[in-house]
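Let us walk through this structure step by step.

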Amino acid sequence: MTALTLSTSAAPGLRADAIVIGVAKGAEGPVAAPGAEAVDKAYDGRLAGVLETLGASGAEGELTKLPAPSGFKAPLVVAVGLGAEPDGKDADAGYDAEALRKAAGVAARALAGCRKAAFALPVDGPGALGAIGEGVLLGAYSFDTYKDTAKDAKNGKAKNGKGPLAEAVLLGGKPRDAAHKAALVRAAAVCEELNRARDLVNTPPNDLTPQAFAAIAQGAAKEHGIKVQVLDDKALVKGGYGGLLGVGGGSEATPRLVKLSYTHAKADKHLAFVGKGITYDSGGISLKPAGHNETMKCDMSGAAAVFAAVVAAARLGLRVNVTGWLALAENMPSGSAVRPGDVLRMYSGKTVEVLNTDAEGRLVLADALWAASLEKPDAIVDVATLTGAMMLALGSRTFGVMANDDSFRTAVYEAADEVGEPAWPMPLPEHLRKGMDSSVADIANMGERMGGGLVAGLFLREFVGEGITWAHLDIAGPAFNEGGPFGYTPKGGTGSAVRTLVRLAELTAAGDLG
Ligand code: BES
Ligand code: MN
Ligand code: ZN
């Protein structure tokens, strides 16, 4: 992981591989952002013109490399686009945190393989500093576990994968200011755990079985003073967890339910996070066709997000109790797999007619939601790569937020917006419930095709305890990036929803939620 430090050194004297500066889109062309003064001065005040000559406009995501001016110890200047310049008439207008995060991410990714880079982006307070730190840590991420990264004997260069930028020195902050230091500590705690969630998502399903995931959770819990409890297949049978057992029944790798409890001695609120952890979703007997299963290792992204958020909350010592529930199973077809037509008796006691074994996420979540409900938390938030329908509705970068409480849905949506995670509120229309009526069981696991994401949400609602505030995040779109990297988002696992969950825990700790 990239090391973050704060420095008050002047850019010219810094020994680094590159100096990163910001360039914004001004009314009459590119504008060098605050932080770039030393570079501009060394270019005799012509930096904006130089950037324009090189084709820079200041657009978000844009990256322009130029040789460092003479007198600089670093050889390279990297100018990253910040988008529109903040309105000069508005005294409070600084650069938007998300613009800073994206720009820092783009630069950090471009500097993969480098030893050290200095970031001279506009910093007007701890918020901006934290955003830059997050962008660096998230943008520098790479997943090389399964690649031969040994150096080539002939030229000493890495054969395969460059490895992340080793060290980022952030300029413009105040190393002795408590708020500035805290912003970096928070960025490191959240982003290191978020990157671990990405690692879990990217780990192939032959290695990341439910058992392996549970073991990783046990290790991390021990390290961070979190209480952990793992129910294996025997314990699940004993407890009557029909959803987890039904879905996991087709796989040699048996299911697990992991409970992580972070507690704070002075907490007066309790949040429960529940994650869908299908380590591989083949569809089961309702097998997915080729073209639909290549990325299904990502189907445990919800559980990875919950795990990361609980550990981050513990690392930050938030004054709130947070329980994380990881519903882990592998959905495979076999002679012991659940069949379309089977009826499962769930942990809550309700029976479910399985009409499609590919609608498995709601079955494992149903058991975990009920287990979470028995503790009567103040609120439950579940996170799941639940439906292709949500991707059709919102695209591949935005998650849907459903809830049994309008103001809680708004609060979750606003928390997501605040941390830079695209989200959108979705309804739970009552008329869609009757499509799940079953002639043999209390409910079927499928309903109308139209509004499939909302149907899934309505199914989950049936397994939330009476009177408990609940929200459901369907992250099927943003959990896994099948396209090229953008901003601070890499290809593959993205760590979607981690920052939203951490923010919800912080807001609850501060008494600003519920
Ligand atoms: N894991 C999938 C949903 C999914 C699809 C996630 C694409 C990420 C990308 C889920 O288990 C599933 O198969 N859902 C079905 C439900 C249907 C059978 C009611 C779907 O969306 O097609
Ligand atoms: Mn499925
Ligand atoms: Zn699934």
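Start with two strands. S8 and strand S9 (residues 256-262) run antiparallel and are joined by five bridges. Lys 227 stands opposite Ser 261 in S9. Strands here are DSSP E runs of at least two residues, helices are H or I runs of at least four, and both are numbered from the N terminus. Two strands pair if DSSP finds at least two bridges between them.

This is a predicted model, in which local features need pLDDT of at least 70, side-chain atom pairs count only at pLDDT 80 or more, and totals for chains, interfaces and linings use all residues. Residues are numbered from 1 along each chain as its sequence is written, and side-chain values use heavy atoms, without hydrogens and water.

Now widen the view. The open sheet has eight strands, in the order S8-S9-S11-S10-S14-S18-S15-S16, and its pairing is mixed. Strands S8 (227-231) and S16 (423-425) stand at the edges; each has a single partner strand, so one side of each lacks a neighbour in the sheet.

Turn to the helices. Helix H10 (residues 361-373) and helix H13 (residues 452-461) have axes that come within 9 Å and cross at roughly 30°. Axes are lines fitted to C-alpha atoms, for helices over the stretch in contact, and angles run from 0 to 180 degrees between N-to-C directions. That makes H10 roughly parallel to H13, a label for angles under 35 degrees. Contact means heavy atoms within 4.5 Å. Arg 362, Leu 363, Leu 365, Ala 366 and Leu 369 in H10 meet Val 455, Ala 456, Phe 459 and Leu 460 in H13.

Conventions: Chains are lettered from A and ligands numbered from 1 in the order in which they are written. Angles under 35 degrees count as roughly parallel, over 145 as roughly antiparallel, 65 to 115 as roughly perpendicular and the rest as oblique.
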